[in-house]
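Hi there,

Here is the structure I promised to pass on to you. Have a look at it first, and then read my notes below.

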Amino acid sequence: MLAEKALDLVRELQRSLDGTLPPYNEDKIRQVLEEMQTLFDQNKDKAHFAAEGQTHLLSAIQLRHAAIRRNKRCLLAYLYNRLEQIKKMRWEFSSVLPSDVKYNLCEQEVQWFNQYNRLLANYMRSLGENGGLDLTQDMKPPKALYVLVRCLVDHGEFETQDGTTILLKKNSQHYLMRAECEHLIRQGILEHIVQ
Amino acid sequence: MAAYSVDLSTGNNYFDLNDILASQEKIPCIFNIAVEGLGYLDQSTPDPDIGVGTKLELPLWLAKYLHRDARGIVSVETPKTYREGYRQILAADPSVVDLHRLGPHFYLGGGKLALFNLPDIQDVLKTLLQTFQGRFRRIMDGSQNALHTDLTNQINMLDESERRLFAAGQRGLLEFQSWESRESEKLSTSSVVLNQRKRKWVGACRDSGD
């Protein structure tokens with residue numbers, strides 16, 4: 001059947017959009033592009049004859065053209081939805097993606113991610129009076145300036161705003177400024193303890 | 001926090017994955033014009049061309065393109081699952097029908113039929129609406145009140161858009177519960193990060209031959 005491979009791509013993406021990003025399926029995309037090229041070449045040949053008056057060829061040309069458009073739609077949707085997912089990850093993981101996520105991106109997607117990062121950073125810097133505003137902070141309305149946190153993994157040394165260095169060791173507990181540790185909590189390094 | 005919108009799009013979005021999947025549903029078509037060189041679409045004959053009068057099930061996206069009016073390349077018939085027989089079943093009691101088996105995108109695909117000049121399209125669309133009205137109460141009941149019950153049986157019978165609705169209802173209930181127990185002010189690891197970590201962990205197990 002026509003445009004079957006492109007649909008596979010869409011299915012594959014649809015299955016795994018619950019928070020992860022599947023590897024960029026370069027192989028399949030190439031196959032879809034090849035199918036489109038074949039259909040296009042056939043159409044070009046036939047269009048030549050059709051123009052000379054063999055109108056019975058037109059129906060086949062239309063059918064192939066529909067398949068080309070379908071393939072195009074599937075490919076664009078694949079790329080677009082991946083970008084949306086990468087954008088979401090920028091807000092969840094902060095500006096540095098974990099290596100295994102990065103491994104699943106293609107080169108152009110990495111470029112796009114870096115440019116998005118730059119745009120977002122510039123925008124956040126331009127906000128407010130002095131030094132900008134970090135929009136990725138306070139995803140939930142803050143209730144206290146300081147929060148009690150427990151380390152879930154060995155993270156190493158961490159320098160707070162007032163200059164003291166603390167060691168984030170597994171199972172150690174700290175009383176930190178919320179603004180400083182919110183990112184670490186979102187990334188699963190610290191756990192917020194509510195008393 | 002996650003947005004509280006339920007994606008029940010009517011399929012006007014070019015990039016919508018669900019819409020693409022729904023437009024893959026098949027519709028019976030009859031060819032009015034011979035199509036040269038595309039006989040491989042019809043696997044029942046070795047003929048290289050599609051002849052006039054050939055009956056084929058084509059996906060909706062293709063039928064929509066080939067079908068303009070009576071003079072189009074194909075003319076279409078109502079798909080079996082939307083015909084009188086099934087409509088009667090749905091009219092009798094919509095809440096017991098397994099819509100997922102009738103077509104995982106029952107509503108979206110059915111809505112797309114409106115693009116064709118089917119003789120019974122008004123009845124089909126009315127059935128779609130009444131089916132949803134009849135089933136909505138149970139969906140809401142199940143997603144809002146049964147937190148600790150196994151609902152797999154009920155969910156299995158829902159079509160894809162109903163499942164999204166169900167999931168949204170359950171998420172709302174869970175978040176209300178966590179607000180009641182003052183869990184919602186607790187900062188937590190984002191779900192994207194958590195899922196990512198689970199995958200990584202599963203992958204690591206597989207690599208070490210576990």
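Between chain A and chain B there is 1 salt bridge, a term that stands for a side-chain nitrogen of Lys or Arg within 4 Å of a carboxyl oxygen of Asp or Glu. Its partners are Arg73(A) and Asp19(B), with 2.6 Å from N to O. Please keep in mind that this is a predicted model: local features need pLDDT of at least 70, side-chain atom pairs count only at pLDDT 80 or more, and totals for chains, interfaces and linings use all residues. Residues are numbered from 1 along each chain as its sequence is written, chains are lettered from A and ligands numbered from 1 in the order in which they are written, and side-chain values use heavy atoms, with hydrogens and water left out.

How many residues are in contact across the two chains? On chain A there are 51, facing 41 on chain B (contact means heavy atoms within 4.5 Å). Together the chains bury about 4,500 Å², with 63% of it on carbon and sulfur atoms; buried area is the accessible area (1.4 Å probe) lost by two parts on being put together, summed over both. On the side of chain A, Met1(A), Arg73(A) and Lys140(A) lose the most area to chain B, together 16% of what that side buries.

Happy exploring!
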